[in-house]
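Subject: Handover of a structure and its findings

Dear colleague,

Please find the structure below, followed by an account of what was found in it. I would be grateful if you could read the two side by side.

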Amino acid sequence: MEIRRKVASILLFFCSLAAGTALAQNQQVPAVKLAHLQKYLNSTSDTTYIINFWATWCKPCVEELPHFEALNQQYAQQPVKVVLVSIDFVKDLQKKVEPFVARRKLKSTVFLLDEPDQNYLVNAVDPEWSGAIPATIFVNGAQKQRFLVEKPMTPEMLQEYLDQKFKLNQ
Amino acid sequence: MRRPFYLLFFLGVIALLSSAFVANDKGYEVGDTAADFKLKNVNGQMVSLGSLKAAKGFIVTFTCNTCPYAKLYEDRLVQLHQKYAAKGYPVVAINPNDVDLSPGDSFQEMQKRAKQKKFPFAYLHDETQEIAKLYGATRTPHVYLLTRTPGNELKVAYIGAIDDNSGDPEKVQKKYVEAALDNLIAGQPVSQNSTKAIGCTIKWRGNS
């Protein structure tokens with residue numbers, strides 16, 4: 001009897017542990033290659049993509065994420081899409097990135113760009129980019145507009161870009 | 001008759017000034033002559049490149065205490081110095097981050113970090129950020145490999161990353177800085193003189 005109860009309690013413990021982990025990791029973040037990102041960068045549709053390069057270890061990036069989330073919500077009814085591109089290492093995907101995305105309840109599209117050769121990656125994304133993050137690309141293929149901003153963004157700066165370059169004032 | 005001349009002269013001066021500013025804004029390119037500087041080392045002494053007369057050149061590296069990518073390269077910087085200082089190319093590390101925005105990059109913290117990691121090279125504080133701006137550094141880590149010409153000028157021979165795998169030193173396939181140094185030491189042109197890599201934006205004063 002004693003052993004059975006112990007087994008039962010151990011089982012229960014593992015069940016709750018499994019449930020807990022499942023809850024904590026409910027946000028799946030896909031690891032993708034450059035070609036996936038290029039679909040957004042080279043899109044010809046009249047959608048304005050706001051592509052932000054960030055990482056969990058980058059303090060100014062983490063600080064500006066809420067501004068991008070707010071924008072995603074603010075323009076939910078318009079052809080504007082925020083894409084959050086994590087450049088964390090792929091080995092940190094489950095350990096750091098997915099728990100971070102779940103904890104922050106990020107609603108924008110998030111994926112992890114898994115390209116270890118950064119010299120190739122940075123040049124392929126934008127020849128003007130030095131590789132420093134945070135960095136943000138505003139792109140609208142139909143309007144033939146594209147801007148790279150290689151510094152932290154305030155909500156005002158984001159709004160200014162959308163207002164003045166893409167005439168998306170609200 | 002004189003006024004148009006003055007106007008032209010005036011416009012010319014403005015054009016010259018603004019072109020100088022534009023050039024400064026972009027920083028150095030490979031082949032440019034690099035300026036010397038005088039910055040405080042973690043041991044309290046002022047260091048300038050000109051004072052290190054024995055050197056054939058320098059592995060000038062903008063780095064810091066706080067950026068995870070810079071930290072990933074600390075041991076590799078130590079190794080670079082150990083391998084190449086004896087061959088005439090010491091590492092000169094420079095921390096350009098604004099202390100108000102990044103308190104972990106204060107001079108005292110730099111001293112601590114240099115001690116912990118037993119940096120064998122100079123670790124200098126670019127407190128005014130002028131040198132990082134002049135060179136055109138944007139991120140940490142960011143290497144400018146300089147080589148001394150027979151005319152005693154410092155030419156930029158390579159700009160970019162240390163190698164092609166920041167995350168895992170074991171998986172590095174291209175050691176960019178080492179390859180460039182080996183070229184220079186062999187008297188050959190540098191075959192790959194510019195690369196890019198992910199890094200932390202330098203914490204510029206006045207930016208949020």
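Predicted model: local features only at pLDDT ≥ 70, side-chain atom pairs only at ≥ 80, totals over all residues.

D92(A), K95(A) and K96(A) are linked in a network of salt bridges, a salt bridge being a side-chain nitrogen of Lys or Arg within 4 Å of a carboxyl oxygen of Asp or Glu. Over all chains, the whole structure holds 14 salt bridges.

Residues are numbered from 1 along each chain as its sequence is written, chains are lettered from A and ligands numbered from 1 in the order in which they are written, and side-chain values use heavy atoms, with hydrogens and water left out.

Chain A as a whole

Chain A has 6 helices and 7 strands; these are DSSP runs (helices H or I, at least four residues; strands E, at least two), numbered from the N terminus. Along the sequence they follow the pattern α-β-α-β-α-β-α-β-α-β-β-β-α. Of its 170 residues, 46% count as buried, where buried means under 20% relative accessible area, exposed over 50%, and partly exposed in between (1.4 Å probe, protein chains only). Among the contacts in chain A with a separation of 6 or more, 69% are between residues 24 or more positions apart; a contact means heavy atoms within 4.5 Å.

Helix α3 of chain A

Helix α3 of chain A covers residues 59-74, and its 16 residues should span 22 Å at 1.5 Å a residue; the end C-alpha atoms are 24 Å apart, which agrees. The expected span is 1.5 Å times one less than the number of residues. A kink of about 30° lies at L65(A), shortly before the proline P66(A); the bend is the angle between axes fitted to the seven residues ending at a residue and the seven starting there.

The buried residues of α3(A) include P60(A), V62(A), L65(A), F68(A) and L71(A). The elements against which the buried residues of this helix pack include β2 (48-54), β3 (80-86), α4 (93-103) and α6 (155-166) of chain A. E63(A) is partly exposed at 49% relative accessibility, and K59(A) is exposed at 54%.

K33(A) pairs with D114(A), with the closest N and O atoms 3.6 Å apart. K33(A) is in the loop between β1 (31-32) and α2 (34-41) and D114(A) in the loop between β4 (109-113) and α5 (118-125), so the pair ties together parts of chain A that are 81 residues apart in sequence. K33(A) is partly exposed, at 46% relative accessibility.

In chain B, K83(B) and E178(B) meet in a salt bridge of 2.8 Å, N to O. K83(B) belongs to helix α3 (residues 74-84) and E178(B) to helix α6 (residues 176-185) of chain B, so this pair ties together parts 95 residues apart in sequence. K83(B) is partly exposed, with a relative accessible area of 39%, whereas E178(B) is buried, at 16%.

Backbone geometry

Most residues other than glycine have a negative phi, and most peptide bonds are trans. A cis peptide bond joins I133(A) and P134(A), with omega about 5°; P134(A) is in the loop between β5 and β6 of chain A. The bond from T140(B) to P141(B) is also cis, with omega near -5°, and P141(B) is in the loop between β6 (139-140) and β7 (142-148) of chain B.

K144(A), which is not a glycine, has a positive phi near 50° and lies in the loop between β6 and β7 (145-149) of chain A. K144(A) is exposed, at 75% relative accessibility. Q129(B) likewise has a positive phi, of about 70°, but is buried, with a relative accessible area of 1%.

Yours sincerely
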